[in-house]
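User: Please take a close look at one part of this model for me: the surroundings of the ligand. I would like one connected account.

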Amino acid sequence: MAPPTMVVHTPPKPLPPSPCRSVAVIGAGAAGLIAARELRREGHHVVVYERGNQVGGTWVYTPETESDPLGQNPTRPVVHSSLYRSLRTNLPREVMGFRDYPFVARSDWSIDPRRFPGHAEVLEYLKGFARDFAIEEMVRFDREVVKVGLLKGGDRSQWRVKSRKTTNGTCLDDEVFDAVVVCNGHYTEPRPAEISGISTWPGKQIHSHNYRTPEPFKGQIVVLIGSEASAVDISRDIAPVAKEVHVAIRTPKGATLGKQPGYSNMWLHPMIASVHEDGAVVFTDGTSAWADVILHCTGYKYHFPFLETEGIVRVEDNRVGPLYRHVFPPALAPWLSFIGLPWKVVPLPQFEFQSKWIAGVLSGRIALPSEKDMIEDTENFYAQLKTAGIPMRYTHKQSEEQFEYNNWLADQCGIPGMEDWKTEMYFATSKNRKARPETYRDTWEDDDLVSQAYKDFARFIS
Ligand code: FAD
């Protein structure tokens, strides 16, 4: 077979009025889809690489799991999605969607009109978005990007993208782009907890990335680690079939430890102190359980196995950096960018703001500060985190800060910031989730905000 050659992408002619760049987008999940739309709207020439055979990324549910249940073997065949069968959104649909393509139940694609729908509805929404904005014509499916590197001898403004066919592993011609936008998602590479004594503990371990259904846990004693959304969902998913469920959480402040109300077989504990050869799992308060399984709902690592930046961008203790405002590495801006790194956020609206910013910067319509100023800004941000005692691994955790960040992005783009009703609805949902963890998806008190949302949506729904 002839060795792969190199294809240089040049923007189509005639050039649009603004400078048109050739841009490779990696991934056709929600981030890649909105990035592609915004880049094309700005006049850029876009190629989206997607290793799967459809759009939607995380939202493409599969019953398949990986051969290594903890996801530690770097050579394992990767299953991208971490969705479990019972998953319903943890945000109301009004908050979740893109601004001009609201996530309302539509007769042409909707299959689950609930306010907090099951995962299949989100996939239908993203497919509808891709169809209505003709995104698929920019996507190369079954194409895994295996290497993104600076073009040798270039001035750091061109990238060589190497890809292969997912179906048969055939390496394809390298392609050259002016810019690369990384949208590969960050819920695929498990970050299990480190547990003292684990090497001799006889039970099974699994990361939530490989959790799909409760049936395999029938009659078992399960220790589940974590307190974020998937830990809460999965513990409730398995409780009806498991013999016992013991949930270990890092910060028990404010939580009621011990037997959980409403359950005959669920206990809340502080973190695991150690595990032992006889199967015992001992918690830091001295309580213990003899468990069959430890289920790590402990989050994910940022992972860019294809990215070669000569050490300019690194992942250190789950900080991707240095990045100006979570998007541009100062030394490579604007030719390399990342969408969707912040977590504990409403993802899609934020992807949209980031995409518009990147697209506008690439065309020269929006100016970035100098490299020196971006470095200074980024270093100041990291210094603030350090002073506040926030570990590096929380660099991209935003929570309430997302609103200020989104509005800052909107300002850069010269567009309105996050809708007030959306912000209020986010907080109303958080409050409701805390007060009614079992039923918040079906009982709420923010109907006034829902009415405001639909008034707002009327601009975009015919
Ligand atoms: P992804 O959806 O992960 O897409 C990345 C894409 O990149 C994939 O299609 C993948 O195949 C592709 N890719 C990766 N590497 C390569 C490569 N080398 N070459 C080519 N293609 C590649 N968000 C909400 O708004 N509401 C919720 O209720 C919600 N619940 C969630 C529950 C779970 C369990 C999880 C894991 C996430 C949840 N999210 C939720 C967040 C969700 O991740 C975002 O909504 C969003 O889908 C992320 O989109 P993305 O494009 O950044 O990443």
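Analyst: Start with the residues around the ligand. There are 30 of them, and Glu50, Thr58, Trp59, His80 and Asn90 come nearest. Keep in mind that this is a predicted model.

Now sort the shell by residue type. It holds 16 nonpolar, 10 polar and 4 charged residues.

Next, look at individual atoms. A polar atom in the side chain of histidine 80 sits 2.6 Å from a ligand oxygen. Tryptophan 59 also takes part: an N or O atom of its side chain is 2.8 Å from an oxygen atom of the ligand. Alanine 31 uses its backbone instead, with an N or O atom 2.9 Å from a ligand oxygen. How much of the ligand does the protein bury? Taken alone, the ligand exposes 990 Å², and the protein buries 93% of that.

Which elements supply the shell? Helix H1 (30-41), strand S5 (143-150) and helix H5 (347-363) each give at least two residues.

Two of these elements, H1 and H5, also meet each other. Two packed helices are described by the angle between their axes and the distance between the axes. Here the axes of H1 and H5 come within 8 Å and cross at roughly 35°. The crossing of H1 and H5 is right-handed.

Finally, zoom in on that contact. From H1, the residues include Ala30, Ala31, Ile34 and Leu39. From H5, they include Leu348, Phe351, Ala359 and Leu362. Charged residues take part too, among them Arg37 and Glu38 in H1 and Glu352 and Lys356 in H5. The contact divides into 9 nonpolar, 1 polar and 5 charged residues.

Methods
Residues numbered from 1 in each chain as written. Predicted model: local features only at pLDDT ≥ 70, side-chain atom pairs only at ≥ 80, totals over all residues. Heavy atoms only, no water. Near = heavy atom within 4 Å. Polar contact = N/O pair within 3.5 Å; in protein donor to acceptor, adjacent residues only side chain to side chain. Areas by Shrake-Rupley, 256 points an atom, 1.4 Å probe, with all protein chains shown as cover. Helix = DSSP H or I, 4+ residues; strand = E, 2+ residues; numbered from the N terminus. Axes fitted to C-alpha atoms, helices over the stretch in contact; angles between N-to-C directions. Left-handed = near helix turned anticlockwise from the far one by under 90°. Contact = heavy atoms within 4.5 Å.
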